[in-house]
Structure formats: structure tokens, C-alpha cells
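This note is written for a colleague who is meeting the structure for the first time. Please read the numbered points with the model open alongside.

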Amino acid sequence: INAEYGELLETFGNSYPDDADGILESGSMSLTCAFNRHGSLLAAGSNDGRIVIFDIITRGISRFLQAHVHPVCSLSWSRNGFKLLSGSMDWTISVWEVLKGECLYRYRFPSPILRVQFHPIETDMFLVCPMRLRPVVVKIDGEQRHLKFDEEGGEQNIFASFDRLGNRIFTGNSRGKVLVFESSTLEILTSFQVTTGSSATTGIKSIEFARKGSNFLVNSSDRIIRVYDGDLVKSTKGEPQQIEPVQKLQDLVNRTQWKKCCFSGDAEFICAGSSRQHDLYIWDMAHGNLVKILHGQKGEHLLDVVWHPNRPIIASVASGVVSVWAQTHSENWSAYAPNFKELDENEEYEERESEFDIEDEDKSIEDKDENMEDNIDVDVVTCDPIKAYIDSDIEDEGPVLTFIPITPEIEDPEDGFWAMTEEEVQNLEKLKLEEKKREEELQKNTKIVDVAYEGHEIPAEPPELTPLPPKKEPKVKVVKVPTPKPVKDTLPPPPIDVPLDIPDIDKSPSEFVEEKMQVDET
């Protein structure tokens, strides 16, 4: 451990998860998730428009945010963690005050939202990628700047992302062209083409940047993950360049398409989720070797994958459930006491002569702790900043939201155990009314801003989602089986007045004839 910065230098073991570590339940189907910068909180967007914020240490729910009326498709935390940005299929974006649970701003767009991202440094700027429209940089005070593309680069559904420090914006389209913009002026600095083989191009699905260093990865539709050096891209200016990737990662056996890719917190590993099933592939960044494959339950479809900022923990969303992957730890009690010995069976313990005496007669050396004062003031209020989270080019970090304080819920007591008085009942009703009024005021105080695009109108109300067509029931062909005709007896029925005698096998033919004659005579 680096004593100056508090940074972990060498773990002497695996720095990636190797097994499942439970799930996070929210009561609704999750679609996307995002860690805050310190990794203490995890926000998950649901299909019913809610946002659930989990505490990673306790694995409990810290906050519910009723954000949208349609599914939440993208989330992003601000640098200090006080604000949360959410994009939805209801064509709106919301900016939330996490500590109070208030919606500060709501931005309306003329199309559904694909991706949102806060500026890595500034807390009043974010990047939006609408569907079938150009990406736009929006400031909370109302300034809107659209990214301008040339004719060759003008494509629909363009993916855009800030770099690690937010100085540049990288965009990729379906033709495999990557453009680099200056975030302050939105001027095109350079560009390069992602190709497969000699000249064939491939579509770009996503661009992700590492938290440390200058590397970034490009997930393309040709099933290959390419890792580029950001410093090399920044050094090229002007005309389009041909830049070779540092690493190429792919599944040569199954030829898997990748749904989502991400870097580890220390940028030493890359995790990619399969679009076919709930499988996570982990590669070593330095050598490009596949080190681990994490298999989820069969039949689940992966939606999102995020890596913890500073711990070997991965959160994946599959079939509406947030799964947590971590390392399996074996208990080693000898680390706390060197003389500790684990026993398989009970053994008789031999007590030392002075073990339980008030004063140890055999003690020869005095402890240094006895000379210390008993009353020592310990500061438990002031929180010193962790230098591992502070960038070298940013001096003042300011306050940071690490955890959300919650109020414990009091369950209803059993019958006969405790009864509320009339005053307590009235006070409880007043509190409920005040809470309801407060929520209504918060909704009224939310500022609504329209993001304009030429030739596109913003609907006054969120459009209804087109439901999926109902499944057609398979046609069952009914085959009529003809009823069998009754079979007629070949022998005529016996006469009514003559009884039918069954011949006795033991009688001889002469005896049988005599009995027959007697019957005829009668």
C-alpha cells in the first residue's frame, strides 16, 4: 500500500471476482445500473420508471425515486455524488438531488433517450444521446449545444462519451468512424476508422474509458473489442488517421456478440457481457488472456454490466435482477492471533498457573501502554479525504456524498401490546398530510426545460409505448374419428319357446340324441 496516497499497489492475488455473491432485490424488474464514484452506492433503473439506490455495504435499499412513467434506460452519477441523472423511454431526462430525493430539473426531448452521462469533473454539464438525433451537451442553467457532423459522419443513433477528464468527446457511428470533439468548443480535433481486415468497416456499439490511464475500448458489431491508447489518439490532429489498437479481445470459440463492456477500477482487466446469455468474460489487459468466465443462470438475458470503482466486485443486470459477483474469501483466524490453532475435535485445555490471576506474577517486562493517559480525545466527526480518489490535476475535491442516511421504519406493534392515544393518531395523520403536501410541492418546483431540434416537435405528454403483439395460439386441427358400425351376429337367434341347451362334453353322442328326442316328445 502506498503510504502517501493510500493506494493499493499489489494485491498478491486475483483482482477480479470469481463467484456469485447474491442478488439485490428491489421489487421490480431492473434494466440498468451504475455505481457512484466511491462505489458505496448503486443506482438501478426499473421498467416501471422507478430508481432504486442500494447501499453496497449493507446490501439494503437506501432510497426510492419515482422518476419516470416509462422504463429507465440510462443512469449517471455526478462527481461528488449529490446528483443523479436518469434517462427514460418517455422522452425525458431528470436531474435528482439524491440526499433529499427531489427532482430539480426535467428536460423534454423529441425522441426517446439512449444514453446520458454527467461530465467527469463539472457537476452542471451532461451529455445526451437521443434516438435518431444528434448528441447534445446540456448545462443545467439552460445552455444547449448540438454536436455537428459532416455529411459522411452524419448517422443516426450515434454513440457519444466523455473521456476520463471530460476535455474531449468521442463519438462513433454505424460505419465505424470515430470523431473526437473538443468539449468546450465542440470542434472536431481528429478522427479514425475502425476496420475489419483490409477495408471492411464495422459498426460501433459503445465506447468506454478507463478510470486510470488513457486507454479506452471500442465495442463493435464484428464481435471484437478493441483497446486504444488515448494519448496516441490525442497526438493525431487534422485528417483522418489509421490507428492500430493496443489489444484485440474476442471469443474465438463461440463468436459471441458483446452486450456491454467495461474496465476494472485499476484498468488492469476488461469485463464483457454476452448478448446471448448471462455470461461474463474477464480478460487481462496487459497480455490479452482470458482469465475467467462467470456463468449465470440459464435462460437469463444480460442487459447491463458495471465494475466497482476500487474493489473486485461486478454488478450485472439480467432478466430484471441485479446480480453481484465477488471474490470468495476463506476464513483465516490465525491472522488475528499468531498462536491461534484451529481444532477439529475437543481437547482438554491445561491452564497455566498465572493465567487467570488478577496480577500476573510471571510478567517481567512492563507494558508501554500502562504509561499512556486514559482520557484521549478522538475526533469522529471530521472526515479526511482519501487521496486515492483525488486526481493529481484537481486540488479541491469539496464535499462528497458517500452514504445516504435513512430513517428506520417502525413496525406495527402486536394487538394489546401498545395502543396509540388520540393525540398520537392525530399527529400521525398530520405528518402524513404534510408529507403528501411536500411531495406535491416538490413536483411543482421541478423546472421543465425543452431541448429543441430543428424539424422535430416535443410532445406535451409522454407518448404511450406500443405493446408487443400478442402471441398467436397454435392452430389445433381436429380430426373426426368415425364411429365403428355394430357387427351383426352371423348365427340366428334361438326360438323363444325352445330353450337353448348347451351340450355336455362328457356325454356320448347316443345319450345326447336320446335326450333330444325326449325333449321333442314333451
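The points below cover strands, salt bridges, backbone angles, aromatic rings and a surface patch.

1. Basis of the note. The model is predicted, so local features are taken at pLDDT of at least 70 and side-chain atom pairs at pLDDT 80 or more, while totals for chains, interfaces and linings use all residues. Residues are numbered from 1 along each chain as its sequence is written, and side-chain values use heavy atoms, with hydrogens and water left out.

2. Strand β4 and its partners. Helices (H or I, at least four residues) and strands (E, at least two) are DSSP runs numbered from the N terminus, and two strands pair if DSSP finds at least two bridges between them. Strand β3 (residues 41–46) runs antiparallel to β4 and is joined to β4 by five bridges; Ala43 stands opposite Ile53 of β4. On the other pairing, six bridges connect β4 with β5, again antiparallel, and Val52 has Phe64 in β5 as its bridge partner. Five of the six residues of β4 are buried, so the strand is mostly covered; buried means under 20% relative accessible area, exposed over 50%, and partly exposed in between, with a 1.4 Å probe and protein chains only.

3. The two hairpins. Three residues separate the strands in the hairpin of β3 and β4, where Gly49 takes a positive phi near 90 degrees. The hairpin of β4 and β5 has four residues between its strands, and Arg59 in this turn has a positive phi of about 60 degrees.

4. Salt bridge at Arg59. A salt bridge is a side-chain nitrogen of Lys or Arg within 4 Å of a carboxyl oxygen of Asp or Glu; by this rule there are five. In one of them, Arg59 pairs with Asp21, and the closest N and O atoms are 3.0 Å apart. This pair links distant parts of the chain, since Asp21 belongs to strand β1 (residues 19–24) and Arg59 to the loop between β4 (50–55) and β5 (60–66), 38 residues apart. Asp21 is partly exposed at 35% relative accessible area, and Arg59 is partly exposed at 32%.

5. An open sheet. Four strands make up an open sheet in the order β24-β25-β26-β27, with antiparallel pairing. Which strands stand at its edges? They are β24 (258–263) and β27 (290–295); each has a single partner strand, so one side of each is left without a neighbour in the sheet. Neighbouring strands are turned by 20 degrees against each other on average, direction ignored; the axes are lines fitted to C-alpha atoms, for helices over the stretch in contact, and angles run from 0 to 180 degrees between N-to-C directions. Five bridges join β24 to β25 (residues 269–274), and Trp258 has Ser274 in β25 as its bridge partner.

6. Further salt bridges. Lys260 forms a salt bridge with Asp304, with closest N and O atoms 2.9 Å apart. Lys260 lies in strand β24 and Asp304 in strand β28 (residues 302–307), so the pair ties together parts that are 44 residues apart in sequence. Both Lys260 and Asp304 are buried. Glu143 pairs with Arg145 at 3.9 Å between the closest N and O atoms; Glu143 counts as partly exposed at 36%, whereas Arg145 counts as buried at 18%.

7. Most residues other than glycine have a negative phi. Arg132, in the loop between β11 (125–130) and β12 (136–139), has a positive phi of about 65 degrees and is partly exposed at 46% relative accessibility. Ser319, in the loop between β29 (314–318) and β30, has a phi near 55 degrees and counts as partly exposed at 35%.

8. Aromatic rings. Rings of Phe, Tyr and Trp (its six-membered ring) pair if their centres lie within 6.5 Å; planes under 30 degrees apart count as stacked, over 60 as edge-to-face and the rest as tilted. A search of the whole structure finds 12 such pairs. One aromatic cluster is formed by Phe170, Phe192, Phe209, Phe216 and Tyr228.

9. A nonpolar surface patch. Patches consist of residues with over 30% relative accessible area and no salt bridge, joining like charges within 9 Å and nonpolar side chains (Val, Leu, Ile, Met, Phe, Trp, Tyr) within 5 Å. Ile376, Val378, Val380 and Val381 form a nonpolar patch with about 450 Å² of accessible area together, by the Shrake-Rupley method with a 1.4 Å probe, where for residues only the protein chains shown count as cover. Val380 is found in the loop between β30 (321–326) and α2 (422–445) and is exposed, with a relative accessible area of 72%.
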